[in-house]
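Here is a short note for a colleague opening this model for the first time. Please read the points with the structure in view.

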Amino acid sequence: MARTATTTVSFSLSSSDLTSSALNISASQQLKKAGSKLGLSQTTGLAIKTTSYASAPVIDSTVLFRGDDYTADGANKIYLKNLSTIDSEYFTVYLTGSGGTDGGGVTELGRLYAGDWTFFPWNATGGTKETFIATIANTWAAGDTWEFDGIEITAADSTVANIATLIDECQFPNWVTSRSTAAVTFVARYAQDAGTVATATADITVVTAGDGDSVVSSSTLGTKSLSDIYIKPSVHTEMSLEHILIHE
Amino acid sequence: MATTTATLILSSADVTGHNFSMTQTATLTKAASSTGLDEFTGITSRKYPTAQTDTVVVADSIYVDTTVAHKVYIRNTSTGNSDYILVELEGDVIIGRLYPGDWMFIPYGGTLDVQVTTVATNVSIEYGVFSQSTVS
């Protein structure tokens with residue numbers, strides 16, 4: 001049975017002097033799955049990300065949430081708060097977006113100054129993950145090696161399907177795999193736009209006593225994720241951001 | 001100087017393994033300042049008789065930009081479960097979907113329009129902008 005949860009989020013805003021009459025706005029909702037009466041049931045938990053850099057010139061952004069890791073087109077919700085107490089310190093919140101107006105490839109949502117919080121829906125639109133197939137073929141021998149993505153395997157025998165199995169059983173840092181006989185399909189863990197450069201046969205190192213090879217075919221280029229959430233602090237000294245993601 | 005406070009209360013007995021509840025209050029101030037935001041559009045309430053595509057609800061041209069601490073509030077005031085509002089920044093930068101009853105409160109840099117797209121008829125929305133009159 002699908003897990004469900006009841007989570008309530010309320011918003012209230014008030015001011016006695018922003019307008020000539022007292023202002024009060026309130027809204028409350030239960031966080032539900034897209035198009036459903038069932039509640040969102042998964043969360044990252046409330047967490048804190050602290051940033052710190054050696055100096056101002058090396059300040060960079062940090063990926064807070066990757067679209068690839070979550071269900072797209074749902075009713076995901078994000079809460080962020082800048083925990084700084086210094087008025088001038090802010091986090092800039094970016095979306096990767098389809099184009100990007102800031103620093104190539106990202107678009108600014110806005111700045112969270114000290115004490116500011118935000119709560120918003122998140123589409124989690126991932127990109128296309130690069131894929132390719134490496135087929136183990138021709139004559140291999142026990143002791144031959146195959147290496148890719150920093151992972152090396154050593155053939156236990158000459159059977160190509162067994163070598164493919166060894167490869168498929170590896171845990172690659174940047175790829176997940178599946179196998180059909182002697183063909184191993186690689187899918188990138190994260191979507192990224194690699195331009196026109198796809199993984200090729202030459203990217204795999206094969207050392208074999210015979211003519212064994214590992215030809216790459218069916219390569220499909222990736223495209224970048226459209227909804228990653230980046231944050232960037234305004235100062236290199238320590239700043240902290242509180243965050244939670246409640247998702248499908 | 002105006003004093004405006006925004007409060008978020010998030011609670012659940014079962015989204016994690018423990019009771020969870022938090023209350024966060026922010027006083028809305030200008031960028032890098034303790035001076036309160038001094039502009040407010042009021043809350044606009046609309047009911048769209050037809051589906052909308054990239055309808056501008058916040059036009060960047062009327063706000064100072066970049067070094068600002070504007071805030072945008074949007075709520076889908078429709079009923080039911082499925083008639084969502086897709087909220088985007090100009091240029092098809094998708095933020096997310098507001099399902100009926102959902103609301104959002106975001107910082108806004110004033111450099112891009114905020115747009116909404118709907119897929120159903122008679123979708124209702126309310127929105128407002130809290131902003132600063134000059135760049136800090």
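1. Salt bridges overall. Over all chains, the structure holds four salt bridges. The term covers a side-chain nitrogen of Lys or Arg within 4 Å of a carboxyl oxygen of Asp or Glu. One such pair joins the side chains of A:Lys77 and B:Asp102, at 3.0 Å from N to O. This pair crosses between chains: A:Lys77 sits in strand β6 of chain A, and B:Asp102 in the loop between β8 (93-98) and β9 (103-108) of chain B. Strands here are DSSP runs (E, at least two residues) and helices are runs of H or I with at least four, both numbered from the N terminus.

2. Basis. This is a predicted model: local features need pLDDT of at least 70, side-chain atom pairs count only at pLDDT 80 or more, and totals for chains, interfaces and linings use all residues. Residues are numbered from 1 along each chain as its sequence is written, chains are lettered from A and ligands numbered from 1 in the order in which they are written, and side-chain values use heavy atoms, with hydrogens and water left out.

3. Extent of the interface. Chain A brings 64 residues to the contact and chain B brings 63; contact means heavy atoms within 4.5 Å. The two chains bury about 5,100 Å² between them, with 59% of it on carbon and sulfur atoms. Buried area is the accessible area (1.4 Å probe) lost when two parts are put together, summed over both.

4. Links across the interface. Three salt bridges are counted between chain A and chain B. Another salt bridge to look up is A:Asp116 with B:Lys71, again through side chains, at 3.0 Å from N to O.

5. Chain A's side. Which element gives the most to the side of chain A that touches chain B? It is β1(A), with nine residues. By type, this side divides into 25 nonpolar, 28 polar and 11 charged residues. Ala, Val, Leu, Ile, Met, Phe, Trp, Tyr, Cys and Pro count as nonpolar, Asp, Glu, Lys and Arg as charged, and the others, Gly among them, as polar.

6. Strand pairing between chains. β1(A) pairs with strand β1 (residues 4-12) of chain B in the antiparallel sense, over nine bridges. Strands pair if DSSP finds at least two bridges between them. A:Thr8 stands opposite B:Ser11 in β1(B).

7. The C-alpha atoms of chain B fill a box of roughly 45 × 40 × 25 Å, taken along the principal axes.
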